[in-house]
Amino acid sequence: MDLLLLAIGSIFVNNILLAQYLGNCPFCGVSKKLGTAIGMGVAVIFVATLASIFTWVVYHYLLKPQGLEYLKTLVFILVIAALVQFVEIFIKKQSKGLYDSLGIFLPLITTNCAVMGIALLNIKHGFGFVQMIVFSASSAAGFAVAILLFASVRERLFISSVPTAMRGTAIALVTAGVMSLAFMGFAGMTN
Amino acid sequence: MNFRQTLTHGLWRDLPPFRLVLGLCPALAVTATAENGLGMGIAVTFVLIFSNMFISLLRKVIPDKVRIASYIVVIATLVVIVELAMKAFFFPLSQQLGIYIPLIVVNCIILGRAEAFASRNPVHLSMADGLSVGLGFSMSLTLVGSIREILGVGTWFGMAVFPDSFEPFGFMVQAPGAFLCLGLLLGLMNAWSRHRGEFFIQT
């Protein structure tokens, strides 16, 4: 039950994008078309969950016993960068179709703060292994849900007449604000 | 670009995060108050100046294929220094900024300047570029933070601005206010650029 609450809470209430502001660069950058947004969402779910598992294990079994907690920033980013490279090579070898649809998003994910943010939040909240997996997967799913909805809105925005000065990123940010307001409505769900 | 242009381009022409549309996360996340915005800006400026310096010094040594990874190591080292220094000297601020300090590592502005500028320019120009972009970023963050704090809480750097009868818009210090404030500022900036006949990139 607690795990279910954690999952719903991190998808809707504490949505990683709209309530915690992580991963905004890809949110504005690759949300112009629904297709690319789906690709990015799936890639983030996959990489964030994998990266969280690796960084959690490294933190609890390598850094903590040695008293090297202060190195976590440096170690985490290296683990994530290496992991992303590895995943990219692996997918390229194994599945051409998957690589064609996800490949271009993978290098971008290294500097996606959502992935690093989820890894750091796992440590900050002091999660156990199972909680960590549930939290990472559902936070990343929250990212995917938000970017998907946002891309659909932006496709409509593209054909509507927006004042010249507000075109592009400006109107996208205002739209994100309205969406974030809507997501605040979920706040009562987990109480 | 000459030295003077390098020193001033970050203040208006390439003002982050508006013109470069990079580094939006900290601009949204830590700008609930002006003080947090300024603190974050200074931390990013420090990292930018020194990451640009080291990367520019090492630009002939770093092999092209592993350059991004090398940049990340340099940046992450500097961020760890900032993180520890802030914990030691500005503890309350570091508590408020929380995970957004380690997240400076993945701030695209820093990697962007390393790749676009420091990797192909001499040391003094790269440091000037870091200073300029960093100052621009601090300015923007302080501005966004001031607007949100004044409207959302009714104070500026902790000092009361409005009389007690003022009912603050609590909305401004929460997530939607951040997006709205940044979007409207960007729109205003675009309108001003168009009015002056400048070229602007957003399409």
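**Reading the model**

Analyst: Start with Tyr21(A), which is buried, with 28 other C-beta atoms within 10 Å. The model is a predicted one.

User: Where in chain A is Tyr21(A)?
Analyst: Tyr21(A) sits in the loop between helix 1 (2-13) and helix 2 (24-29) of chain A. Its phi is positive, about 60°, although Tyr21(A) is not a glycine.

User: What do most residues do?
Analyst: Most residues other than glycine have a negative phi.

User: OK, chain B. What is the phi of Phe157(B)?
Analyst: Phe157(B) has a positive phi of about 50°, and it is not a glycine. Phe157(B) belongs to the loop between strand 1 (155-156) and strand 2 (159-160) of chain B.

User: How many other C-beta atoms are within 10 Å of Phe157(B)?
Analyst: There are 13. A residue counts as buried at 20 or more and as exposed at 12 or fewer, so Phe157(B) is partly exposed.

User: Which peptide bond is the cis one in chain B, from Pro16(B)?
Analyst: The bond from Pro16(B) to Pro17(B) is cis, with omega near -5°. Pro17(B) is in the loop between helix 1 (3-8) and helix 2 (24-29) of chain B.

User: New topic. How many residues does each chain give to the contact?
Analyst: Chain A gives 36 residues and chain B gives 36 residues.

User: And which element of chain B gives the largest share?
Analyst: Helix 8 of chain B, with 13 residues. By class, the side of chain B that touches chain A has 28 nonpolar, six polar and two charged residues.

User: Back to chain A. At what angle do helix 8 and helix 9 of chain A pack?
Analyst: Helix 8 (residues 129-159) of chain A and helix 9 (residues 169-184) of chain A pack at about 135°, and their axes are 11 Å apart. That angle makes helix 8 of chain A oblique to helix 9 of chain A. The crossing is right-handed.

User: Which residues make that contact?
Analyst: From helix 8 of chain A they include Leu149(A), Phe150(A) and Arg154(A), and from helix 9 of chain A they include Ile171(A), Thr175(A) and Met179(A). The residues of this contact divide into eight nonpolar, one polar and one charged.

User: Last one: what does the predictor say about confidence?
Analyst: The complex has an ipTM of 0.86 and a pTM of 0.89. For chain B the mean pLDDT is 88, and 97% of its residues reach 70 or more. Among the elements of chain B, helix 2 has the lowest mean pLDDT (84) and helix 3 (residues 34-57) the highest (94).

How values were computed: Residues numbered from 1 in each chain as written. Chains lettered and ligands numbered in written order. Predicted model: local features only at pLDDT ≥ 70, side-chain atom pairs only at ≥ 80, totals over all residues. Helix = DSSP H or I, 4+ residues; strand = E, 2+ residues; numbered from the N terminus. Contact = placed C-beta atoms within 7 Å. Nonpolar A, V, L, I, M, F, W, Y, C, P; charged D, E, K, R; others polar. pLDDT = per-residue confidence, 0-100. Axes fitted to C-alpha atoms, helices over the stretch in contact; angles between N-to-C directions. Parallel < 35°, antiparallel > 145°, perpendicular 65-115°, else oblique. Left-handed = near helix turned anticlockwise from the far one by under 90°.
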